[in-house]
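Here is a short briefing on a protein model. Look through the sequence and structure first, then read on by topic.

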Amino acid sequence: MQPTADFDPGKLAKSLLRRSRQGALATLMTGNGDPYCSLVNLASHPDGSPILLISRLAVHTRNVLADSRVSLMLDERVAGDPLEGARIMLSGRAEEADSDKDLLRRRYLSAHPSAEGFVSFKDFSFFRIRPTGTHLVAGFGRIVDLRPDQFLTDLAGAEDLLAAEEGAVEHMNADHRDAMNLYATKLLGAAEADWRCTGCDPEGLDMQDGQTTLRLDFPERVTDGTALRKMLVRLAGEARKKMDQGATT
């Protein structure tokens, strides 16, 4: 089935990857290869690939260590019939973190602050799913298979931005919660809440209040801290303009 002309499957898949905080992880049972599915919490790497924090005591972790092939189901969790919402089935390999442990830890804890209480336990480790493809279902005429380059964010040339991300997130949360509330309410149509920033990348900003998540896409790609600051100021100006227009109507 081919997607309709007004449908951007890559954009929707990216949004689901960024906004999802839980998913169904399918692994292969050690010994007999039978399918095994479990509910897991997740966050996203700057390129959008899923980050897991899982215990070696869990069956799914033992399965992954024996055979890294996995699939991950993510959905929008819409009200009413869940089959009316968009969902993706991501396939790939789950790799235990090595050189980027600090990055995975920081982004995971931004999404799941309560994990701070057990993140240092010896049986827990961070894993990153390296996608090989995804199957997106978003309604009639909106079913499509995607390659990784169609739903992951290209980080080439964005080294400066990645280095600045931690400080930028801390700064936004400490000094600009009003701006994030404007982004949420005026640019994304969300309700007022205690929105905080959980991460940024060349293509957008991630925000969260409890388990409710939002993705603010940038109109243009940014690759360094200066460009990020200018973009956030620009978007805050657009949000305030919409607020002023609403006040005069």
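## Briefing

A network of salt bridges links Arg18, Arg106, Arg107, Glu165, Glu166, Asp201, Asp206, Arg215 and Asp217. The model is predicted. In total, 20 salt bridges are counted.

**Salt bridges**

- Lys14 and Glu203 form a salt bridge through their side chains, at 2.9 Å from N to O. Lys14 belongs to helix H1, while Glu203 sits in the loop between strand E9 (196-201) and strand E10 (204-209), so this pair ties together parts that are 189 residues apart in sequence.
- Glu203 has a relative accessible area of 22%, so it is partly exposed.
- Arg18 and Asp201 also meet in a salt bridge, at 3.5 Å from N to O. Arg18 is in helix H1 and Asp201 is in strand E9, so the pair ties together parts that are 183 residues apart in sequence.
- Arg18 and Asp201 are buried. Arg18 and Asp201 are also members of the salt-bridge network.
- Arg177 pairs with Asp194 in a salt bridge, and their closest N and O atoms are 2.7 Å apart. Arg177 lies in helix H6, and Asp194 in the loop between H6 and E9, so the parts tied together are 17 residues apart in sequence.
- Arg177 counts as partly exposed because its relative accessibility is 29%. Asp194 is partly exposed as well, because its value is 49%.

**Helix H1**

- Of the 11 residues of H1, eight are buried, so the helix is largely enclosed by the rest of the structure.
- Those buried residues are Pro9, Gly10, Leu12, Ala13, Ser15, Leu16, Leu17 and Arg18.

**Nonpolar cores**

- The largest nonpolar core has 26 residues. Leu25, Leu52, Leu72, Ile88, Ile129, Leu136 and Phe151 touch the most other members.
- At least two residues of this core come from each of helix H1 (9-19), strand E4 (50-55), strand E5 (69-75), strand E6 (87-96), strand E7 (124-137) and strand E8 (143-146).
- H1 supplies the largest share of this core, four residues.
- Leaving out residues up to four places away in sequence, Ile88 touches Ala13, Leu16, Leu17, Leu72, Met73, Leu74, Thr134, His135 and Leu136.

**The largest pocket**

- The volume of the largest pocket is about 270 Å³.
- The pocket is lined by 14 residues, and those closest to its centre are His171, Met172, His176, Arg229 and Leu232.
- Helix H5 (159-175), helix H6 (177-187) and helix H7 (225-247) each give at least two residues to this lining.
- H7 contributes the most to the pocket lining, seven residues.
- By type, the pocket lining has nine nonpolar, three polar and two charged residues.

**The cavity**

- One cavity of 30 Å³ or more is present in the structure. The largest cavity has a volume of about 50 Å³.
- The lining of the largest cavity consists of Arg18, Arg21, Ala43, Ser44, Arg107, Ala111, Thr198 and Asp206.
- Strand E3 (43-44) and helix H3 (101-111) are the elements that give two or more residues to the cavity lining.
- The residues of this lining divide into four charged, two polar and two nonpolar.
- Arg18, Arg107 and Asp206 line the cavity, and Arg18, Arg107 and Asp206 also belong to the salt-bridge network.

**Met243**

- Met243 is part of helix H7. Its relative accessibility is 35%, so it counts as partly exposed.
- What does Met243 touch, not counting residues up to four places away in sequence? Its contacts are Leu182 and Lys186.
- Met243 and Thr185 are 58 residues apart in sequence, and their C-alpha atoms are 9.1 Å apart in space.

Technical notes:
Residues numbered from 1 in each chain as written. Predicted model: local features only at pLDDT ≥ 70, side-chain atom pairs only at ≥ 80, totals over all residues. Heavy atoms only, no water. Core = buried A, V, L, I, M, F, W, Y, C linked by side-chain atoms within 4.5 Å. Buried < 20%, exposed > 50% of the residue type's maximum accessible area, 1.4 Å probe, protein only. Contact = heavy atoms within 4.5 Å. 1 Å grid on protein atoms, 1.4 Å probe; cavity = no way out; pocket = protein on both sides within 12 Å on 5 of 7 lines; lining within 4 Å. Points joined across faces, edges and corners; volume = space filled by probe spheres on them. Nonpolar A, V, L, I, M, F, W, Y, C, P; charged D, E, K, R; others polar. Salt bridge = Lys/Arg side-chain N within 4 Å of Asp/Glu carboxyl O.
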